[in-house]
Amino acid sequence: MKDGLFSFLDFTKPGRDQPEPKQSFVRFWYRYAMRFFHLIRLNLIFFAVSLPFYVWAMTMYNAYITQEGLKSIALFAALIQYALQWMPAAIRAALVVLSILLIGPANAGLQFVAGRYAAGEHAWPWLDFFAAAKENWKQGLLFGVVDALVIVVSFYYLAGSETLFSAYVGVARAAWIILLVFYGFGRCYLYPIMVQIDLKVGQLLKNAVLLALVKPWRTLVILLTAAAIALLCAVADMVILPLFAYSFLAYTTGALSAPVIRKYLIDPHKRSGHGT
């Protein structure tokens, strides 16, 4: 980048290679700034993959809250749905199914690259994203479908449980919410472990839940970050969602989960003689 109006945004210029801050919070934002535009490109890739499923899910959400007489709607999804009215329903349905099948491997690619950036390491937004997605496509496919099912079932279960379980609506909702909490905790470590260590599905799930409980405050910060992003998307989804939401959450997840994974999984694995 040549010197000019936006030259201050070029972090590769001579003199920018300064020692990283030692304080972890400052270092978090320093590394984020260093990879800011790479993270935007990374977010755009994942956004393109997840968009059909997002629009479909938010269309259901819009229909539900409109029926309930509420005013808040997912504007971005509504606009895209309106713009794609010309497309045959069969093609739109096929795109949703394809998005569901690809979203898990894409999550693996997203988490691998964002995790590298959070660790202060190099990664290519395009090449390393697709390489990690390809390498982890089997487990990614499985858990991507699980993610989609959890979202859809949660919507119908929590919104329609009064008719589905009228006699036990309070107990049913409470039980499902508890299951969602455990799922959310384990989900924070699922993809970070997947892209770093080769484990079977059962081992992956077990370690994800256990590590989430080892340092619960880290898990809570990840979940609170996800909630904050969701709230921001409620008012500015047309900007937040395509440019920042996914990559920032993956970056935060990588930064907070890495020390725990390294201490309890990677280092013991190396000491046992299985590491390289």
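# Reading pockets, burial and contacts

Modeller: Start with helix 9. This helix gives the second largest pocket 19 residues of its lining, the largest share. Keep in mind that the model is predicted.

Colleague: How is empty space found to begin with?

Modeller: A probe the size of a water molecule is rolled over the atoms, and this shows where empty space is left. Here, the second largest pocket holds about 1000 Å³ of space.

Colleague: Which residues lie nearest the centre of the second largest pocket?

Modeller: Ala 119, Gly 254, Ala 258, Pro 259 and Arg 262 do, out of 39 lining residues. Now look at the helices. Helix 1 (24-34), helix 4 and helix 9 each supply at least two residues of that lining.

Colleague: How does the lining of the second largest pocket divide into nonpolar, polar and charged residues?

Modeller: There are 19 nonpolar, 12 polar and 8 charged residues.

Colleague: Now the largest pocket. What is its volume?

Modeller: The volume of the largest pocket is about 1900 Å³. Its lining has 45 residues, and Ile 151, Ala 226, Ala 227, Ala 230 and Leu 249 lie nearest the centre.

Colleague: Which helices each supply at least two residues of the lining of the largest pocket?

Modeller: Helix 2 (36-67), helix 4 (89-118), helix 6 (137-164), helix 7 (169-194) and helix 9 (216-271). Helix 9 again has the largest share, here 15 residues. By class, the lining of the largest pocket counts 35 nonpolar, 7 polar and 3 charged residues.

Colleague: Let me step back to the fold. How many helices and strands does the protein chain have?

Modeller: The chain has 9 helices and 0 strands. Read from the N terminus, the elements run α-α-α-α-α-α-α-α-α. Of the 276 residues in the chain, 38% are buried.

Colleague: What share of the contacts joins residues at least 24 apart in sequence?

Modeller: Take the contacts between residues at least 6 apart in sequence. Of these, 68% join residues at least 24 apart.

Colleague: Show me one residue with such partners. Where does Phe 46 lie?

Modeller: Phe 46 is in helix 2. Its relative accessible area is 3%, so Phe 46 counts as buried, the limit being under 20%. Set aside neighbours within four places in sequence. Phe 46 then contacts Ile 103, Ala 106, Asn 107, Leu 110 and Tyr 246. Take Leu 110. Phe 46 and Leu 110 are 64 residues apart in sequence, yet their C-alpha atoms are 7.0 Å apart.

Colleague: Next, aromatics. How many aromatic pairs does the structure hold?

Modeller: The structure holds 15. One of them is Tyr 32 with Tyr 251, with ring centres 5.3 Å apart and planes at 65°. That pair is edge-to-face, because the planes are over 60 degrees apart.

Colleague: Why does the pair of Tyr 32 and Tyr 251 tie together separate parts?

Modeller: Tyr 32 lies in helix 1 and Tyr 251 in helix 9, so the pair links parts 219 residues apart in sequence. Both Tyr 32 and Tyr 251 are buried. They also belong to one aromatic cluster, along with Phe 25, Phe 28, Trp 29, Phe 36, Phe 37, Phe 244 and Phe 248.

Colleague: Last feature: disulfides. What is a disulfide?

Modeller: A disulfide is a covalent bond between the sulfur atoms of two cysteines. A search of this whole structure finds 0.

Methods:
Residues are numbered from 1 along each chain as its sequence is written. This is a predicted model: local features need pLDDT of at least 70, side-chain atom pairs count only at pLDDT 80 or more; totals for chains, interfaces and linings use all residues. Side-chain values use heavy atoms; hydrogens and water are left out. A disulfide is a pair of cysteine sulfur atoms within 2.5 Å. On a 1 Å grid over the protein atoms alone, a cavity is a set of points where a 1.4 Å probe fits but cannot get out, and a pocket is an open set with protein on both sides within 12 Å along at least five of seven lines; lining residues have an atom within 4 Å of a point. Grid points are joined across faces, edges and corners, and a volume is the space filled by probe spheres set on the points. Helices (H or I, at least four residues) and strands (E, at least two) are DSSP runs, numbered from the N terminus. Ala, Val, Leu, Ile, Met, Phe, Trp, Tyr, Cys and Pro count as nonpolar, Asp, Glu, Lys and Arg as charged, and the others, Gly among them, as polar. Rings of Phe, Tyr and Trp (its six-membered ring) pair if their centres lie within 6.5 Å; planes under 30 degrees apart count as stacked, over 60 as edge-to-face and the rest as tilted. Buried means under 20% relative accessible area, exposed over 50%, partly exposed in between (1.4 Å probe, protein chains only). Contact means heavy atoms within 4.5 Å.
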